[in-house]
Amino acid sequence: MNYEEIMSQLILHGGNARGAAYEALDEAQTFNFTEAEKLLEEADEEFVKGHQYQTKLIQNQDDQAKPSFLMIHAQDHLMTAQAELQLIKRMIEQLRTTEKLEKRIEKLEQRTE
């Protein structure tokens with residue numbers, strides 16, 4: 001696999017990871033945590049694939065290689081996906097807490113009626 005193909009794979013898998021993570025957040029906002037978890041797993045798998053290509057890039061680079069704009073963009077794309085994935089996981093945990101609290105409030109309201 002050549003340099004450009006590796007860069008393309010970094011961008012592809014980083015984008016797929018981000019997309020699945022945001023879809024998971026969308027599902028979690030409707031309290032559909034089963035689907036959200038599936039999408040988070042997909043996002044994690046995509047990130048791992050991207051990371052594997054990143055490792056190939058690092059292993060195949062010689063000491064004289066100069067970073068290109070494409071390499072910087074691809075690396076940034078993958079690392080941004082990782083950061084967003086971690087943040088979205090935290091947001092989903094907050095939504096789980098919100099759902100639990102809403103259910104408790106609903107039960108309390110039913111008792112007082």
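Biologist: Which helix gives the negative patch its largest share?
Modeller: This is a predicted model. On its surface, Glu23, Asp26, Glu41, Glu42 and Glu45 gather in a patch of negative charge. Helices H1 (3–29) and H2 (33–59) each supply at least two of the patch residues. The largest share, 3 residues, comes from H2.

Biologist: Is Phe31 buried, partly exposed or exposed?
Modeller: Buried means under 20% relative accessible area, and exposed means over 50%. Phe31 has 26%, so the label is partly exposed.

Biologist: Is Glu46 buried or exposed?
Modeller: Glu46 sits in helix H2. The cut-off for buried is under 20% relative accessible area. Glu46 has 12%, so the label is buried.

Biologist: Which residues does Glu46 contact, leaving aside neighbours within four places in sequence?
Modeller: Contact means heavy atoms within 4.5 Å. With those neighbours left out, the partners of Glu46 are His13, Asn16 and Ala17.

Biologist: Are Glu37 and Arg96 buried or partly exposed?
Modeller: Buried needs a value under 20%. Glu37 has a relative accessible area of 32%, so Glu37 is partly exposed. Arg96 has 23%, so Arg96 too counts as partly exposed.

Biologist: About how many helical turns separate Arg96 and Glu93?
Modeller: Arg96 also forms a salt bridge with Glu93, the closest N and O atoms being 3.1 Å apart. Both lie in helix H3, 3 residues apart, so the separation is about one helical turn.

Biologist: What is the distance between the closest N and O atoms of Glu99 and Lys103?
Modeller: Glu99 and Lys103 both lie in helix H3, 4 residues apart. That is about one turn of the helix. A salt bridge here needs a distance within 4 Å. The pair forms one, at 3.6 Å.

Biologist: Which residues do shared partners join into one salt-bridge network?
Modeller: The structure holds 6 salt bridges. Arg96 pairs with Glu37 and with Glu93. The network therefore consists of Glu37, Glu93 and Arg96.

Technical notes: Residues are numbered from 1 along each chain as its sequence is written. This is a predicted model: local features need pLDDT of at least 70, side-chain atom pairs count only at pLDDT 80 or more; totals for chains, interfaces and linings use all residues. Side-chain values use heavy atoms; hydrogens and water are left out. Patches are made of residues with over 30% relative accessible area and no salt bridge: like charges are joined within 9 Å, nonpolar side chains (Val, Leu, Ile, Met, Phe, Trp, Tyr) within 5 Å. Accessible areas come from the Shrake-Rupley method with a 1.4 Å probe; for residues, only the protein chains shown count as cover. A salt bridge is a side-chain nitrogen of Lys or Arg within 4 Å of a carboxyl oxygen of Asp or Glu. Lys and Arg count as positive and Asp and Glu as negative; His and the chain ends are not counted. The place of a charge is taken as NZ of Lys, CZ of Arg, CG of Asp or CD of Glu. Buried means under 20% relative accessible area, exposed over 50%, partly exposed in between (1.4 Å probe, protein chains only).
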